[in-house]
Amino acid sequence: MNYELFIARRLRLNTDNSHRPSASIIIAITGIALSLIIMMAAMCIVLGFKDEIRNKVYGFDAHVTIHPANDDGTPAEYLQYSGVLDSIISSTECFEKPEPVVTQSGILKTDNDFQAIILKGLDEGRGYDFIASNITHGKMPDYAADSTRNSIVISRTTASSLGLQPGDKTYAYFFTNGAVKTRRLEIAAIYDTHFSDYDKIYAYGSLPLARGIGGIGTDEASTVELTSRDPSQIVTSGIMLQDAMMTSAYMGKLTGAYSLTTVLDTAMMYFNWLNLLDTNVIVILVLMSAVSGFTLVSCLFILILERVRMIGILKALGASNKEIRRIFIYLAQRVVILGMIAGNVAGLLFMLAQYHWHFLPLDAEAYYLNYVPVKIDWVYIISLNCAIFLLSWLIIILPSHMIAKINPCKSIRYE
């Protein structure tokens, strides 16, 4: 062990005979801890918020969607979901099990009011699980049973507008093939995702119900929704599927025209908004780094001024300015480590409490969530701690150079 580190370890963080650190040290430790807590909170909250919003968007819009098209490229109403198409999707090895979906536009009508909806007929899978996880009243129907064929799930917005509750029955009118078809449907459950742009539009029912309304066979669908095995490779997965479909069409294996969309295109507005949040985090990190750096520099100045006599004695004994600077750098790093320990403990406890109990609310109408989401990513937290420790080491090098200006003759007599 070098003697500079030995001296730094033996020095107290107080200048009087009490065991309590001086006020300047307490302020420095508190400043570093608070800065770390704020930076950690900003990072965890933004990561959690982006994850929650992405999951909601992915719940409504599949990663990749296959749409029917006419030969001239214009949209068509239904596509043939054949074994050939299924094998092409499987050959890419990029997607989970394909989910055929049938949508029907219609109106729910009660005695006093009516509401336009898009009925989305689906089978068990990603979309089914997403809606089931957001049920607030009632129970998600098991669409594998024939008894639930006419059971639907509506949003809280639609239920409030029409005054409907689980167990109620209402008439629905659908416009298909130039005619109006009527169905008497039972409200099985009410969901609420706080995503008003989608909630006010969509109702969910069984795939046989939607196919029956459209008068189509079991091998037809409005779209085929695909979930990428790797959500970070949605665009790549879509391109690979498009290439495979074009190759099969060229070889005569796949008939009909199709178009592909990705959620990054259909929900571009939300993803652009999420990207803007990264800028907010960067601003917070820079500001808090500046605050903690200023506090640390002030702390080091005070440590030096409180030990001017000690510096003079060390110089008189032959210690160089570089060696004395190293002592105070080690001493300042003790303050940084204490502040980081306090900040990590308090910050992680706060984040864990919010993660489990959601005691900090949000306005769901503005933020699409009714609580502040948190994601604790240890890679980011460890990286943040390493960055703070490195930055603090660089910051305290500059003020430590004032030691060279201290005259040992005058400093020994300094009071």
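**Exercise 1.** In this predicted model, state how α2 and α4 pack: give the angle, the axis separation, the orientation class and the handedness of the crossing.

Solution. 
- Step 1. The angle between α2 and α4 is about 125 degrees, and their axes are 8 Å apart.
- Step 2. An angle counts as roughly antiparallel over 145 degrees and as roughly perpendicular from 65 to 115.
- Step 3. The crossing in which α2 passes α4 is left-handed.
- Step 4. On the α2 side the contact uses Asn55, Lys56, Tyr58, Gly59 and Phe60, and on the α4 side Arg126, Gly127 and Phe130.
- Step 5. Sorted by class, the residues of this contact are three nonpolar, three polar and two charged.

**Exercise 2.** Describe the packing of α2 (residues 23-60) against α14, and list the residues that make the contact.

Solution. 
- Step 1. The axes of α2 and α14 lie 11 Å apart, at an angle of about 150 degrees.
- Step 2. Angles over 145 degrees count as roughly antiparallel, and α2 is therefore roughly antiparallel to α14.
- Step 3. Here α2 passes α14 in a right-handed crossing.
- Step 4. From α2 come Leu36, Met39, Met40, Met43, Cys44 and Leu47; from α14 come Tyr380, Ile381, Leu384, Asn385 and Ile388.
- Step 5. The contact of α2 with α14 has ten nonpolar residues, one polar and no charged.

**Exercise 3.** Which orientation do α12 and α14 have to each other, and which residues of these helices meet?

Solution. 
- Step 1. Helix α12 covers residues 321-357; its axis and that of α14 come within 10 Å and cross at roughly 155 degrees.
- Step 2. With the cut-off for roughly antiparallel set at over 145 degrees, α12 and α14 are therefore roughly antiparallel to each other.
- Step 3. The crossing of α12 and α14 is right-handed.
- Step 4. In α12 the residues are Ile329, Ala332, Gln333, Val336, Ile337, Met340, Asn344 and Leu348. They meet Trp378, Ile381, Asn385, Ile388, Phe389, Ser392, Trp393, Ile396 and Ile397 in α14.
- Step 5. By class this contact holds 13 nonpolar and four polar residues, with no charged.

**Exercise 4.** How many cavities of 30 Å³ or more does the structure hold, and what lines the largest cavity?

Solution. 
- Step 1. There are two cavities of 30 Å³ or more.
- Step 2. The largest cavity contains about 80 Å³ of space.
- Step 3. Its lining consists of Ile32, Ser289, Ser292, Gly293, Leu296, Val336, Ile388, Leu391, Ser392 and Ile395.
- Step 4. The elements giving two or more residues to this lining are α10 (268-306) and α14 (378-397).
- Step 5. Six of the lining residues are nonpolar, four are polar and none is charged.

**Exercise 5.** What lines the second largest cavity, and which classes do its lining residues belong to?

Solution. 
- Step 1. The second largest cavity holds about 50 Å³ of space.
- Step 2. It is lined by Gly59, Glu99, Val101, Lys120, Leu122, Arg126, Gly127, Tyr204 and Glu225.
- Step 3. At least two lining residues come from each of β3 (99-109), β4 (114-122) and α4 (126-133).
- Step 4. The lining comprises three nonpolar, two polar and four charged residues.
- Step 5. Gly59, Arg126 and Gly127 line this cavity and also take part in the contact of α2 with α4.

**Exercise 6.** What is the volume of the largest pocket, and which residues lie nearest its centre?

Solution. 
- Step 1. The volume of the largest pocket is about 280 Å³.
- Step 2. Of its 17 lining residues, Asp61, Thr65, His67, Tyr202 and Glu225 lie nearest the centre.
- Step 3. Elements that each supply at least two lining residues include β1 (64-69), β11 (223-226) and α9 (263-266).
- Step 4. The lining divides into six nonpolar, eight polar and three charged residues.

Technical notes: Residues are numbered from 1 along each chain as its sequence is written. This is a predicted model: local features need pLDDT of at least 70, side-chain atom pairs count only at pLDDT 80 or more; totals for chains, interfaces and linings use all residues. Side-chain values use heavy atoms; hydrogens and water are left out. On a 1 Å grid over the protein atoms alone, a cavity is a set of points where a 1.4 Å probe fits but cannot get out, and a pocket is an open set with protein on both sides within 12 Å along at least five of seven lines; lining residues have an atom within 4 Å of a point. Grid points are joined across faces, edges and corners, and a volume is the space filled by probe spheres set on the points. Helices (H or I, at least four residues) and strands (E, at least two) are DSSP runs, numbered from the N terminus. Ala, Val, Leu, Ile, Met, Phe, Trp, Tyr, Cys and Pro count as nonpolar, Asp, Glu, Lys and Arg as charged, and the others, Gly among them, as polar. Axes are lines fitted to C-alpha atoms, for helices over the stretch in contact, and angles run from 0 to 180 degrees between N-to-C directions. Angles under 35 degrees count as roughly parallel, over 145 as roughly antiparallel, 65 to 115 as roughly perpendicular and the rest as oblique. A crossing is left-handed if the near helix is turned anticlockwise from the far one by less than a right angle, and right-handed if clockwise. Contact means heavy atoms within 4.5 Å.
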